[in-house]
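Subject: Structure for your review

Dear colleague,

Please find below the structure that I am handing over to you.

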Amino acid sequence: MDMLKEMAVFAQVVDRGGFSAAARQLGLTTSAVSRHVSRLEAHLGGRLLHRTTRSLTTTELGLEVHAGCTRMLSAAREIESLAGTYSARPNGILRITAPVVFGQVWLAPKLSHFLDLFPEVDVRLTLVDRTVDLIEEGVDVAIRISRELAPGLAARPLCEMRYVLVASPAYVARNGLPDRPEVLQEHRCIYLGYGAFGEQWTLQRDDERIGVRVPSRLTINNSAAILATVEAGGGIGLVPDFAAHAALGEARVQQVLGDWDFCEPYAGTVHAVYIPGRHLALKVRVLIDYLVG
């Protein structure tokens, strides 16, 4: 049984890229994590990691052992899910990830009522703008926004998402409203700095499709920060509709070119994604049903 714990600790060290990060994740001291890995190396009779003061790399044996540890942890989660399936009430820790701003404005406000409904479930929500590996990182449910999802995962649609252009009343009063996509080049536009589209935008209305280059002196990698800049009169912002929903409803901003759709791969359907299996944990099922409802 001690070896199983050592294998789980070793897997965390590799997945987190270091002893300190693994210790924080596991709630252990760094020295305790190091002892677990050393004992596993002694038990297996070989070095699993190359350690220096600046780097940590996995040996050839370590790569094979890590793959086996990952399978072991996956099997353990399957057993846990099986137990949860037959539990009378949802219980246990539910680990969720979501994109940062979507998690802030759409998901997080819903979780308080969910916890009231299911008092034996504890939620651990991580907001991160990257694709999380559900198996390797021990996540139960990931919220993803995409037109296409990776194979091998189950998903339930939650809502639709599209990009919108918005501006503050003060900016519109000073600069007017563009009536065509081409006119955006004459305005100060603010958008995500890492979007796949860059400064090349494509907008569509009915059968009309227009590509336009929109350079910007300011790009920001967070749509909530873009919206704050827009509300301060800084320009026309391109943001997901969920980020702008409250500001539009309160007339702090108004939509620009509202009859045009912005074409971008990140837009599409918001899904709750989870690992498929015959025995889906009850805590996962009730969360997804709650979010869909």
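Of the 293 residues of the chain, 42% count as buried, where buried means under 20% relative accessible area, exposed over 50%, and partly exposed in between, with a 1.4 Å probe and protein chains only. This is a predicted model, in which local features need pLDDT of at least 70 and side-chain atom pairs count only at pLDDT 80 or more, while totals for chains, interfaces and linings use all residues. Residues are numbered from 1 along each chain as its sequence is written, and side-chain values use heavy atoms, with hydrogens and water left out.

The C-alpha trace spans about 70 × 50 × 35 Å along its principal axes. The accessible surface of the chain is about 15,500 Å², and carbon and sulfur atoms hold 51% of it; such areas come from the Shrake-Rupley method with a 1.4 Å probe, and for residues only the protein chains shown count as cover. Among contacts (heavy atoms within 4.5 Å) with a separation of 6 or more, 74% link residues 24 or more positions apart.

The chain contains 9 helices and 15 strands. These are DSSP runs numbered from the N terminus, helices being H or I with at least four residues and strands E with at least two.

Strand β12 (residues 236–240) is mostly covered, as 5 of its 5 residues are buried. β12 pairs with strand β7 (residues 163–167) in the antiparallel sense over 4 bridges; two strands pair if DSSP finds at least two bridges between them. In this pairing, Val 164 stands opposite Val 239 of β12. With strand β8 (residues 189–192), β12 pairs in the parallel sense over 2 bridges, and Gly 237 in β12 is the bridge partner of Ile 190.

An open sheet of 3 strands runs in the order β10-β9-β14, with antiparallel pairing. Its edge strands are β10 (208–213) and β14 (261–262), each of which pairs on one side only. Strand β9 (residues 200–205) is joined to β14 by 2 bridges, and Leu 203 has Phe 262 in β14 as its bridge partner.

On the surface, Ile 135, Leu 153 and Ile 275 form a nonpolar patch with about 190 Å² of accessible area together. Patches are made of residues with over 30% relative accessible area and no salt bridge, joining like charges within 9 Å and nonpolar side chains (Val, Leu, Ile, Met, Phe, Trp, Tyr) within 5 Å; a salt bridge is a side-chain nitrogen of Lys or Arg within 4 Å of a carboxyl oxygen of Asp or Glu. Ile 135 lies in the loop between β4 (121–127) and β5 (141–146), and Ile 135 counts as partly exposed because its relative accessibility is 33%.

Yours sincerely
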